[in-house]
Amino acid sequence: MEKKVIRIEMLPQLAMEYHVAAYARVSSEKDAMRHSLSAQVSYYSNLIQSHPGWQYAGGYADEPISGTKDSREEFQRLLADCRAGKINMIITKSISRFARNTVTLLETVRELKGLGIDVFFEEQNIHSKGADGELILTILASYAQEESRSASENMKWRIRKSFEKGEIMCWRFMFGYKISKEFGIEIDPVEGPIAQEVFRRVAKGDSLNSVVCWLNENHYYGALGGRWKTPRLRSMLSNEKYTGNALLQKKYVNNHLEKKRLTNHGELRMYYVTETHPALIDPETFERVQQRLVDIKEKATARMKSKTTNEFTGMIRCPNCGKNFRRVHMRGVPQWVCPTYYTEGKAYCQSKRIPEETLRKTISASLHIDPWLPEAFSSLVEYMIATGPNALEAHLRDGTVSTMEWKDRSRSEGWTPELKEKAREYALRRHHG
């Protein structure tokens, strides 16, 4: 039988409509850079919309964040839209704007290439889907990464030389100070006296929690605004700059890729410079405060070592702020209290302290756990909500809810023989001087 060859004509293909997106980024917070970012987005928007066969798929622009990091929100949104099939092509200014890290660049370009997405780098005039695209990108990206490393090393060298001369390169916002072009670093006439009062209170023995409450209640917000917290106050009290002196290079950047700010524990040389700016706190007060901070830390460490969790840990929730109650000792008596109420006062949380003994007695009577067994409580109760000043709502593991209330003890009921004896001894000591 004679062989036949039948020619099958190709079907005409419709022209593909490209959904093209633009990506732009700047790495400086200067107004000129922000203007450049706006100009880039506007330029690419007009370029794409004026090109026949292209549809504008949006502009993605990251403001001052390093090109070496993968945490750029707009860049991650761009990749997500590419994976969702919304984009066929990306236009960007240059390799360094897309990513300075060679590995990150190649991984991203390869992933996009696998999705059928082309990346066009306008400055280098390279298409990632081109035959030699990856080779050229590898060479140029390596050059951009080395350029980034060199610029980072040069900046570090300049900063460290300035430190050696005793110059403060970067003054971070500090409560109590302000910076003016005419006078440089000077004491803020409003915040300065408040900062001095903070040091005075802690030096004379006030707790950090009480000082935090005082600051927040009087609306004395920090240098960058926002409410005070204990760690923030501790950081302020530990800052030697309030004495008019400065310890330079307390922090350093690990490398030009990750750019993490790390605490200097001796990895680099530090410099202590005196009289760099006006002092707010005298050396004696500052030293007393430092000793108070050491004492507070030692006591907290001792409490943590002796602290044991019990059946109520993580079980009682505050209805106002949603936090779990924590165990504290008030005059030696264990009580459970909302952390917000305990650290910031009634103005921010209206909950109430619950004595641990009252908790056990109330729950024992309501759930018939007699004698009291922590294991029995844990097996019955999933969590509890302090619904009122003297009320609890126990959510049981079987899905039911048990409501329980109690009355506060009168003073006469709380006046135990032990307390009476202590009061008598105290009165005798005062009487005999």
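1. Basis. Residues are numbered from 1 along each chain as its sequence is written, and side-chain values use heavy atoms, with hydrogens and water left out. The model is predicted: local features need pLDDT of at least 70 and side-chain atom pairs count only at pLDDT 80 or more, while totals for chains, interfaces and linings use all residues.

2. Aromatic pairs. Rings of Phe, Tyr and Trp (its six-membered ring) pair if their centres lie within 6.5 Å; planes under 30 degrees apart count as stacked, over 60 as edge-to-face and the rest as tilted. The count by this rule is 11 aromatic pairs. The ring centres of Tyr177 and Tyr242 are 5.9 Å apart with planes at 45 degrees, so this pair is tilted. Tyr177 is in strand S6 (residues 177-180) and Tyr242 in the loop between helix H8 (230-237) and strand S8 (246-248), 65 residues apart. Helices (H or I, at least four residues) and strands (E, at least two) are DSSP runs, numbered from the N terminus. Tyr177 and Tyr242 are both buried, where buried means under 20% relative accessible area, exposed over 50% and partly exposed in between (1.4 Å probe, protein chains only).

3. A second tilted pair. Phe312 and Trp372 have ring centres 6.0 Å apart and planes at 40 degrees, so they too are tilted. Phe312 lies in the loop between helix H9 (283-306) and strand S12 (316-317), and Trp372 in the loop between helix H11 (356-367) and helix H12 (374-380), 60 residues apart. Phe312 is buried, at 0% relative accessibility.

4. Cluster. Tyr177 and Tyr242 also belong to one aromatic cluster with Phe199 and Phe286.

5. Charges over rings. A charge sits over a ring if NZ of Lys or CZ of Arg is within 6 Å of the ring centre and within 35 degrees of the ring normal. The charged end of Arg201 sits over the ring of Trp214, 4.1 Å from its centre; that of Arg317 sits over the ring of Tyr383, 4.0 Å from its centre.

6. Helix H7. Trp214 is among the buried residues of H7. In this helix (residues 208-217), 7 of the 10 residues are buried. Just after H7, His219 takes a positive phi of about 60 degrees.

7. Ala22. This residue is in strand S1 (residues 18-25) and is buried, with a relative accessible area of 4%. Its contacts (heavy atoms within 4.5 Å) include Tyr44, Ile48 and Ile91, not counting residues up to four places away in sequence.

8. Leu135. Located in helix H5 (residues 133-164), Leu135 is exposed at 57% relative accessible area.
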